[in-house]
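Dear colleague,

Please find below the structure that I am handing over to you. My notes on it follow directly after it.

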Amino acid sequence: MKQIKRLFTFVALILLSVAGVAQTGSVKGFVYDKTSGEPVAFTNVTVENTTIGVVTDVNGYFVLTKLKAGNHTLNIGSIGYETVRYPITIKKGEVLSIKVDISPSMTELSTVEISGKKENLRLESLVSVEKITSKDIRQIPSIGGMADLAQYMQVLPGVVFSGDQGGQLYVRGGSAIQNRVLLDGMVVYNPFHSIGLFSVFETDIVRNADVYTGGFNSQYGGVLSSVMDITTKDGNKKRTSGKVAASTFGANLLLEGPIIKSGKDKGYSMSYILTAKNSYLSKTSTSIYSYMDKELPYDFLDLYGKLTLATDNGSKLNIFALNFTDKVNQYEAIADFGWKNTAFGANFLIVPGSSSSLVEGIFAYSDYTMNMSESNSSASQMSNIGGFNAGLNVTNFFGDNKLKYGLNMLGNTTKTAYTQSDTVVDYSSELAAYAIFKGVWGRLVYEPSVRFSYYASLASLVPEPRLNLKLNVSDNFRLKAATGIYSQIFMDTKSDRDIVNLFTGYLTSSPDLNIVGSFNGEKITSYVQKSNHFIFGAEYDIAKHLSLNVEVYYKTLSNVASSNKDRMYPDDIEHEDKPEYLRKEYIVENGEAYGGDVSLKYDDGRLYLWAIYSLGKVTKTNETQTYFPHYDRRHNINILLNYQFGKDRSFELSLRWNYGSGFPYTPTAAMIEQLDFSGGINTDYIYSNGTLTTIYGDLNSYRLPDYHRFDVSAKKRFDVGKRSILEINLSVTNVYNRNNLFYYNRVTAERVDQLPIMPSLGMSLTF
């Protein structure tokens, strides 16, 4: 009888739960900018007189479930927009679809907007991730009058930037090849220009950029260290608009507008956006900056276009293309360099009418080529990587919880040539399936996820479980943690012994390479490179506008394929008795990175202050030694300040100071003349001219001097007519003209510095 009573009780509870659900309904919808039709991401949507609320995603989409049947009022507001009260009527068991337009506003942050930011922190795990908008990018000093994502990336916690010229980004101990950049879902292989101050992306079209410095969930794969996921804006759906700008560094153009305006009889719209950006530093460095003892041979041209077909229910199709060229002519009179990336693709978003789910897809192709030709010889090098990536994702919402799952596919070809006769060609493909569940249990936000990556070229299936956690200890204090397994098969050919190397060859780690077959006496069974992330942190809202974020991390790297800097013998029959690690062209290494980041941020809408300190240590271990790679920077500090003056905030001042401790480098022990005795005993060794050969010291046993730089920029905006804004900007890079060492020429012992003081004057017109 007790068992029967328990069964009836259990069934009754289920029926009551179902009955409770049946008494509720849901509302879903999109929030748009009223003036342009652009989705407004991260907008706070709350139900008035309740604690129920969500934040819109990057598409401006939101879902509120389990609302009681009846009349409700939604409060919808975002930073820089007026708050809207939107009445709705919820019916039992139905999903109400709405579309809300909100108007831009210059008023200060409201209570709703502040609570929206806190709501996002409370409901999302957000471990080791920075969400960046074009507004954020414009708050830092705009070098050359051109605010750019590359400049903003350099101030992020855990990110190390190697220099003003030829700079690369290194994230928490990972090499540059271990970062992945996605533009609207399309893989971009090299997003930064050779001068290191500019990316290939136009700032004004960036809707959002999620930068993951570690612990990212299973949606992203094929990479060991970090992910930059950039979403661009759609073209203006209301009117033709744009921007033209020029400075002493370069010029850029943006044009956008509707092709087909939305109407009651259509139910859809079509819009476009086009951008062009170029640098002419090679010309201005010999005239405006004639005080420098050399020209800056950096020229680039970036082109981007996007076409958007959108329906009134939020579904849309985007078609886009990118092309950038980058040239460095006669770099230090040594060589000419050239980079070119051509890419195109399409993505879509489908909003099923009767459910709160989202369906997203992507297909894109990208081709990146780099060439180098030496000035005083016919020697040349070439590297190419090209291929497609495709994906299909489905997201289901259940109140504060959601389930996301999907498939990813990548196919690539790599070609690397150091002479015309030794081109190495390799093919690789990756097929992956993943699932992510984000749940809220009281004060705990938990996000377990798993990814299964199959690398066809290596016949390897790699399971990659991951977990993100956040505990809301109080409304103002949160603890967070993340861990996971990550893998990739791409490698580059740069040596850690190189002080400066603008050429990067892309390869796939594979037994088909001239690579070792064992490591530390054990046979290598798989050439998949792996990494484990362990991250713990805390967030504390000290005051209304002041917040503190602290994270510590530990990362392991295993089976990392690298160029063999210790190679002493050719890999032939004559030397087969020598250890593999002394004769193979490539080796495998293990590594570890650990450290911490402290970030203090104040933002009241007028004053923006951000101070970041990063402590890190990176080591690599091979068969013979443990050493510091060339990007190991122990201390890194960034202080950023932005203030808007005047009642209309039309005058803006931005300051940035950066300090970085010295990078390791390999000293020159000696320079000797090496004679060629191919003539045997008849060689005239007394009068023959030999080849100057470098004898290196211990690998990366010395450190370069510390680096620090202070940048300033000022902007003044003027209203021109009803819709146009004229902006005049003045910026100064390296204000106190610090002589930051770039490198020493090993042969001539000549010192080469980073950029000197460089003032710039620019002007832009938005219409």
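Leaving aside neighbours within four places in sequence, Asn-252 is in contact with Met-146, Glu-202, Lys-243, Val-244, Ala-245, Ala-276 and Lys-277, where contact means heavy atoms within 4.5 Å. This is a predicted model, in which local features need pLDDT of at least 70 and side-chain atom pairs count only at pLDDT 80 or more, while totals for chains, interfaces and linings use all residues. Residues are numbered from 1 along each chain as its sequence is written, and side-chain values use heavy atoms, with hydrogens and water left out.

Asn-252 belongs to strand 16 (residues 250-260); helices (H or I, at least four residues) and strands (E, at least two) are DSSP runs, numbered from the N terminus. Because its relative accessibility is 12%, Asn-252 counts as buried. Buried means under 20% relative accessible area, exposed means over 50%, and partly exposed lies in between (1.4 Å probe, protein chains only). The side chains of Asn-252 and Glu-202 are joined by a polar contact of 3.5 Å. A polar contact is a pair of N or O atoms within 3.5 Å; within protein, one must be able to donate a hydrogen and the other to accept it, and residues adjacent in sequence count only if both atoms are side-chain atoms.

Asp-566 is also described here. Asp-566 sits in the loop between strand 33 (546-563) and strand 34 (586-603). With a relative accessible area of 17%, Asp-566 is buried, and its side chain makes a polar contact of 3.4 Å with the side chain of Thr-624.

How many aromatic pairs does a search of the whole structure find? The search finds 21. Rings of Phe, Tyr and Trp (its six-membered ring) pair if their centres lie within 6.5 Å; planes under 30 degrees apart count as stacked, over 60 as edge-to-face and the rest as tilted. The ring centres of Phe-198 and Phe-300 are 5.8 Å apart and their planes stand at 50 degrees, so this pair is tilted. Phe-198 lies in the loop between strand 12 (186-188) and strand 13 (206-212), and Phe-300 in strand 18 (residues 298-311), so the pair ties together parts that are 102 residues apart in sequence. Both Phe-198 and Phe-300 are buried.

Tyr-554 and Tyr-594 form a tilted aromatic pair as well, at 6.5 Å centre to centre and 35 degrees between the planes. This pair links distant parts of the chain, with Tyr-554 in strand 33 and Tyr-594 in strand 34, 40 residues apart. Tyr-554 is partly exposed, with a relative accessible area of 33%; Tyr-594 is partly exposed at 35%.

One aromatic cluster consists of Phe-30, Tyr-32, Tyr-61 and Phe-397. Lys-99 lies over the face of Tyr-32, at 5.5 Å from the ring centre; a charge sits over a ring if NZ of Lys or CZ of Arg is within 6 Å of the ring centre and within 35 degrees of the ring normal.

Finally, strand 22 (residues 380-398) is mostly covered, as 14 of its 19 residues are buried. Strand 21 (residues 358-374) pairs with strand 22 in the antiparallel sense over 16 bridges; two strands pair if DSSP finds at least two bridges between them. Strand 22 also runs antiparallel to strand 23 (residues 401-417), joined by 17 bridges. These two strands form a hairpin with two residues between them, and Gly-399 in the turn has a positive phi of about 65 degrees.

With kind regards
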